Amino acid sequence: MFLHKDTLATMTEIKKEFIFSNDSLAMYPLLNEIISFLKIHLPSEQYAFKISNCKQILIELLTNAVKHSHADTTVISVCINGRAIEITKSDKGRKFYLNNYTSWPPLSWPLEKKYIGEKIKIYEDDISNLYAIIKSENRIVFEIEEYPITKVTSSSNLLEHYGLLIMAKFSNEFFYLYNPETNLNQFTTIINV
Amino acid sequence: MIETHAKNGYLLVKIKAKEANLDVADLFKTKMYELIDQGNATLMVSFSEVAYVDSSFLGALVSILKYAMSKQGDVSVVDLNKDINNLFSLIRMNKVFKVYNTEPDVFA
């Protein structure tokens, strides 16, 4: 289904799945394929900035798949509806690692009910903190806290791991969901349009 | 994977890769550390041939900046495409690195 460039508000849901081989050499062709799909359904210039954000999110999801998933394949699903673009990365590889954070005992999935509502600091540096908020036994939401950037010097503490931070910053909602019955890991980003 | 050009007060380092990602991040970091160790602590990295940057490469770039600063140097960036510029702005790397649209005559 092709849509007129300004008909997003009334459109029905469009969904497509893309298979990624978890090979870094396949990243760029797949990235271009997914971006082309988005541009076909959101052709208006008004969505160009949102599609640029989706592109960076996809780069990070694919990079994350290569580096951390420990799975043979990953499914990237893209869903466009009248309100948002939803991008989900699914695999049956390694669960999101939630161990060894300051003042926290080792955590494993599914999480204990007593931890629901707690906030775990994932990364910390001089300009931002990244938190995982425990929403349920199987779901965490990522949130950023930012600080003003003053002068950067050789003694500044700057982190060198930006993947999760980029996905949290480029989306309106970013969460991880673990399904203990299927062993499926899902990272989902929602970009409001 | 890099090409260097001596400029007035700085070394221009052009990335010779379309995909600045996890495949090239470590090599880029090693090459840049070597340049800094050779006395080139003031560096400008050109992204003119780069289509996209991932977090692995960005992490390497921040590591290089910290190393250059420890040697009283600095690292700036130039020729970012629209998407990379958007990345630097949104995660405020444009406040961490000096960002130039075109190569300046003198590093200021």
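A salt bridge is counted here when a side-chain nitrogen of Lys or Arg lies within 4 Å of a carboxyl oxygen of Asp or Glu. Side chains of opposite charge can pair when their charged atoms come close. B:K16 and B:E3 form such a salt bridge, with 3.6 Å between the closest N and O atoms. The pair links distant parts of the chain, 13 residues apart. B:K16 sits in the loop between β2 (11–15) and β3 (19–20) of chain B, and B:E3 belongs to strand β1 (residues 2–6) of chain B. Helices (H or I, at least four residues) and strands (E, at least two) are DSSP runs, numbered from the N terminus. Over all chains, the count comes to twelve salt bridges.

The model is predicted; local features need pLDDT of at least 70, side-chain atom pairs count only at pLDDT 80 or more, and totals for chains, interfaces and linings use all residues. Residues are numbered from 1 along each chain as its sequence is written, chains are lettered from A and ligands numbered from 1 in the order in which they are written, and side-chain values use heavy atoms, with hydrogens and water left out.

The interface comes next. Chain B brings 29 residues to the contact and chain A brings 33, where contact means heavy atoms within 4.5 Å. The size of an interface is often given as the accessible area lost when the parts come together. Chain B and chain A bury about 2700 Å² between them, and 61% of it is on carbon and sulfur atoms. This buried area is the accessible area (1.4 Å probe) that two parts lose on being put together, summed over both.

Three salt bridges join chain B and chain A. One of them pairs A:E146 with B:R92, the closest N and O atoms being 3.7 Å apart. On the side of chain B that touches chain A, α1 (22–37), β5 (52–53), α2 (55–70) and α3 (82–90) each supply at least two residues. The largest share, ten residues, comes from α2(B). By class, this side of chain B has 13 nonpolar, seven polar and nine charged residues. Ala, Val, Leu, Ile, Met, Phe, Trp, Tyr, Cys and Pro count as nonpolar, Asp, Glu, Lys and Arg as charged, and the others, Gly among them, as polar.

On a 1 Å grid over the protein atoms alone, a cavity is a set of points where a 1.4 Å probe fits but cannot get out. A pocket is an open set with protein on both sides within 12 Å along at least five of seven lines, and lining residues have an atom within 4 Å of a point. Grid points are joined across faces, edges and corners, and a volume is the space filled by probe spheres set on the points.

The whole structure holds one cavity of 30 Å³ or more. The largest cavity contains about 50 Å³ of space. Its lining includes A:E146 and B:R92, the two partners of the salt bridge described above.

The largest pocket has a volume of about 660 Å³. It is lined by 33 residues, and the closest to its centre are A:N64, A:K67, A:H68, A:Y123 and A:H161. Its lining divides into 13 nonpolar, eleven polar and nine charged residues.

The second largest pocket holds about 360 Å³. Among its 16 lining residues, A:K39, A:A48, A:I51, A:S52 and B:D83 are the closest to its centre. Helix α2(A) gives the most to this lining, with five residues.
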